[in-house]
Each structure stands twice: as structure tokens, then as C-alpha cells.
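Colleague: I would like to learn how to read the features of a model like this one. Could we take them one at a time?

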Amino acid sequence: MNAPYRADTAPRLSPAEIRSIIIGLVAAMLLAALDQTIVATAMPTIGLELGDAANLPWIVTAYLLASTAVTPLYGKLSDIHGRRIMLLIAITTFSVGSLLCALAPTMIALALARGLQGIGGGGLIALSQIILADILSAKERARYQVYIAGVFALSSVAGPLLGGFFAQHLHWSAIFWINLPIGLAAFILTNDKLKLLPRNERRHSVDYPGAALLVVSSTSLMLALSWGGVRYPWGSAPVLGLAGFGLLSGVAFAARLATAGEPLIPLSVLRDRVVTSATLAACFAMGTLIGLSIYVPIFLEGVIGLDPSRSGLAMVPLMVGTVVGATLSGRSMAYLRHYKRLPLALLTLSVGACGLLAFMGPALPLWFTEILFVLLSMGIGTVLPLSTIVVQNAVAPQQLGIATASMNFFRSLGGALIVAIFGTLVLGGAGESAVHDMAALIRGADAGQLGQTFRLVFLAACFGLVLALGCLSLVEERPLQETVGHGRDGRGQRD
């Protein structure tokens, strides 16, 4: 390998070049974020037209499994080969997968194409966050985190609307065709400008046995969490077998980390208190938000009595609050030395809002419920930029990729666990035991009984936010770097 192109000798990018790169990164993140929300409302139409509704969940599961499992690999390979080539590979793989999805003649072909799409999607968000760290100091980066939050908020609102519109008025394949022009724009916008990126890589090797164990473990656990209580009972042989196999292979992966010459995830990264506590805080906060975004529509329709259209509109404050919180947190980090104080205060407010929803939710007027949604999600929004920035601020430049990708990986895995817990509470409380359908659940459930069920759901959300608050309080407030490319050295010590 040639001598690394060190960040401290890299040419300073101009504001125009930085803006061009950020626009391309936003397009890349939009690909992945929009794809996670646009498919849901088109699923009934897809199952009807392909004539295979029984295997319909695989078009979600295949993407989720693939994208989660490969995320750490993208981070490690970007540390070895550079960000540009790995991001272009991710965009190309995602676009090819989208093309195959649009042309899929059967549900099996669509599920396989979704898996390929997920292999590309697993790198888009993590690599975009890594590249932001390459071109902006930690203080500068804090101000730009609003773009990431905005992408997810936009996809959360626009995705279901676009998915339903395309499926009803055009064709379900349009939800995949739309990715091609976005992917092409992301490729063109980032290709040339990313050649200017600083190169922090050193001589590395990929621990392929460790990578294989991580993929097997995460895939088994994600399948168990996705199927448990929905496709199979939690105590069934398939779910218990997958969970057991996932835990065993996870233990083997941990042993590999301790014995490999260069493990997939460096032990210095895992042992850093900032990395572990910030990752756990993001895991609990993001998992709670995802769980609420999935199941709160059932509360709004089955308990409050809104129709689907009004329910969709009532979910907007939950998304808007996240963007507001991320903006406030990112801006304050650029100016405040004690940058945890605002997130801790707003996250405490979120716990209180969630508690009111738990004990008084069905009796509250809709306008007040909407205010509580904003307050609840604002606190969560403050955690997301802070966790990413402090993790990147804590590691050496040559470990930036694997540290950021690992945080995203564990956040996804933890999020799946929290969503599974919420699902068990909702479906168990409604007395369902076989294959579940939200519309059927809303039609068949007693509003009073469902209200009691959601008391438990909001209490579980409170507990998740309390855990996030506790982990956030443990994050050490290290001074944010004011220059690009400087941080800890390869031994994990401060410069």
C-alpha cells in the first residue's frame, strides 16, 4: 500500500466544495432513509399483484438483515481503501438492487433483490456520517447534523405518502424506479469532489472470520426478533433456535475480538467509555423512536379514533420534534463547553411527556397529545447528533470508519430489540397469536383494552428513554476538536 495521505497534510476544502459534497451525501442518505418508509404502504398492492402475500414480510426482512449485517464492514473497508470508493460501491449496489426490485416478476425475486439493495443501503448512512467527519471538524460538524435529522424526518413523512400514491395511481415498481435518478445524482455529486477527501487509512487487514461471525450472529438475532410474536410464537423452536444460534455466534465473535491480531472492531474503540456510553444512549433513544413511529398509529386509530389520513398527519409532530431537537443539540455543541446539558434537560422532558401519555393518553385532547409528541421526540432528537459527534471525536482518524459504522450497527440491532418488545406488548395485549395485520388489529380490538395496552407501551418507552438518559449522563464531555483530522493517535491516547 502506498503511504497514507494524512488528514493534516490534506488541502483545505473550500466552502463551495464542502457544500457540493454535503448535497451529494444528503442524496445518498435519502436513498437509504426513504427506502425504509416508502415500501410499507405499497406492500398490500405488491402482495396482491405478485400473488404471494404469505412471503410479503421478506421484502422488509431481507433489506433489514442485509443492511444491518454489512454496516461494520463498510466502516472497516473505508478505513482501508478510502471513503470515496466504498460510498460509490454502496450507491451502485443500492441502485442495481433497486433496478432488480422494479423488474422482479415474483416475490422470491423481489426479496433477493431487496437483499442486494440492503447490502448497498448498509453503507450509505454510515459512510455519509464518516465523510462529514473527514471534511469538517467536530464543532463544524455539529451544525450540519440537522441535515441528517432532516433527511430522516422527510423520509418518515414523505415515504408513506409516496408509497401509497405510487401503488394506487402508478405502479408499485415506481417506489424502486425513483431510486435510480436519486442514486445517479448522488453518484455524480460525490464522485469528483470525494477525490479531495483526506486519506487517514493505514496498513490494515480485514478479519474475515470475525466478519463472518458478526454477519451470522446479527442475521440470526434480527430474524428471531423479526419473527418472534409475529410469524411464530416467542417460545417456538424456530425463534428460540435462531436466538440461541445468534447468541452462540455472538460469543464466538467476542472471543475472536479478544484473540485476533487485528479484530474487525478494535478493542481500543470498544473500551472507550465515550464510545460505549454514547452508542448505548443512541441505541435506546433511536429504538424507542422507531418503536413509537411503528405502533403509535395503532394508538391514534384504535384508541383515539382517527381515520388513517388524520393519523398520518398526527404523526408529523413526532417527526418534526426530532428535527428540532437535533438542530438545537447540534447548534449548541458548536458553542457550549458543557454540550450535554441541553440534551439531558430535553431528554428528561421527554420522559415526563411519555409518562403523561402513559397515564392520561386516551383522556387527553388531541392538540395536547400532539404537543407531547413534539416534546417527546425533541429529547430523542438531541441524542442523535451528539452521540455521533462524540464517538467520532473520541477515536483516532484511522479508526473513524469502523467506530462510526459500529455505532450504527449496534443502534440498529438494539432498535430491533426495542421494536420487538413494543410489538409483543401491542399484539399480546390485543389477544393476537398468529399472523398479525395492523388494520385487522385496529378493527378487532376493543378501544378500552387497547388503551390499557398502550399504557404499557408508553411506560416501556419511558423506561427506554430513562436508560438513554442514564447512558448519556455517563458520556465524558471531552473538548470538541476544532481542526479536521486530529484526534487520538493509533494507541488510543490523546494528542
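Modeller: Begin with exposure, since other features rest on it. A residue is called buried under 20% relative accessible area, exposed over 50%, and partly exposed in between. Keep in mind that this is a predicted model.

Colleague: By that rule, is phenylalanine 359 buried or exposed?

Modeller: Phenylalanine 359 has a relative accessible area of 52%, so it counts as exposed. Its place is in helix α15.

Colleague: Which residues form the nonpolar patch on the surface?

Modeller: A patch takes residues with over 30% relative accessible area and no salt bridge, and nonpolar side chains are joined within 5 Å. Here Leu356, Phe359, Met360, Leu456 and Leu459 form one, with about 450 Å² of accessible area together. Helices α15 (341-360) and α19 (447-473) each supply at least two of the patch residues. The most comes from α15, which gives three.

Colleague: How should I read separation along the chain against separation in space?

Modeller: Isoleucine 21 and isoleucine 131 are 110 residues apart in sequence, with 8.9 Å between their C-alpha atoms. For threonine 327 and glycine 150, the sequence separation is 177 residues and the C-alpha to C-alpha distance is 9.1 Å. Tryptophan 367 and alanine 314 are 53 residues apart along the chain, and their C-alpha atoms are separated by 9.4 Å.

Colleague: What do the figures look like for the protein chain as a whole?

Modeller: Take the contacts with a separation of 6 or more: residues 24 or more positions apart account for 83% of them. The chain has 19 helices and zero strands. Of its 495 residues, 55% count as buried. The chain exposes about 19900 Å², and carbon and sulfur atoms supply 68% of that area.

Colleague: Now salt bridges. How many does the rule give?

Modeller: The rule asks for a side-chain nitrogen of Lys or Arg within 4 Å of a carboxyl oxygen of Asp or Glu. The count comes to three salt bridges. One of them joins arginine 83 to aspartate 134, with the closest N and O atoms 2.7 Å apart. Arginine 83 lies in helix α4 (residues 83-103) and aspartate 134 in helix α5 (residues 107-135), so this pair ties together parts that are 51 residues apart in sequence.

Colleague: Are these two partners buried or exposed?

Modeller: Arginine 83 has a relative accessible area of 6%, so it is buried. Aspartate 134, at 2% relative accessibility, also counts as buried.

Colleague: With which residues does arginine 478 form salt bridges?

Modeller: Arginine 478 pairs with aspartate 272, the closest N and O atoms being 3.2 Å apart. That pair links distant parts of the chain: arginine 478 is in the segment after α19 and aspartate 272 in the loop between α11 and α12, 206 residues apart. Both arginine 478 and aspartate 272 are buried. Arginine 478 also forms a salt bridge with glutamate 476, and there the closest N and O atoms are 3.3 Å apart. Through shared partners, Asp272, Glu476 and Arg478 are joined into one network.

Colleague: How does the exposure of glutamate 476 and arginine 478 come out?

Modeller: Glutamate 476 has 33% relative accessibility, so it counts as partly exposed. Arginine 478 is at 10% and therefore counts as buried.

Colleague: Last, pockets. Which residues lie nearest the centre of the second largest pocket?

Modeller: A residue belongs to a lining if it has an atom within 4 Å of a pocket point. The second largest pocket has 18 lining residues, and Thr279, Leu280, Cys283, Phe410 and Gly414 lie nearest its centre. Elements giving two or more residues to this lining are α11 (267-270), α12 (273-304) and α17 (400-429). The most comes from α17, with eight residues. About 370 Å³ of space lies in this second largest pocket.

Technical notes
Residues numbered from 1 in each chain as written. Predicted model: local features only at pLDDT ≥ 70, side-chain atom pairs only at ≥ 80, totals over all residues. Heavy atoms only, no water. Patch = residues over 30% accessible without salt bridge, like charges linked within 9 Å, V, L, I, M, F, W, Y side chains within 5 Å. Areas by Shrake-Rupley, 256 points an atom, 1.4 Å probe, with all protein chains shown as cover. Helix = DSSP H or I, 4+ residues; strand = E, 2+ residues; numbered from the N terminus. Buried < 20%, exposed > 50% of the residue type's maximum accessible area, 1.4 Å probe, protein only. Contact = heavy atoms within 4.5 Å. 1 Å grid on protein atoms, 1.4 Å probe; cavity = no way out; pocket = protein on both sides within 12 Å on 5 of 7 lines; lining within 4 Å. Points joined across faces, edges and corners; volume = space filled by probe spheres on them.
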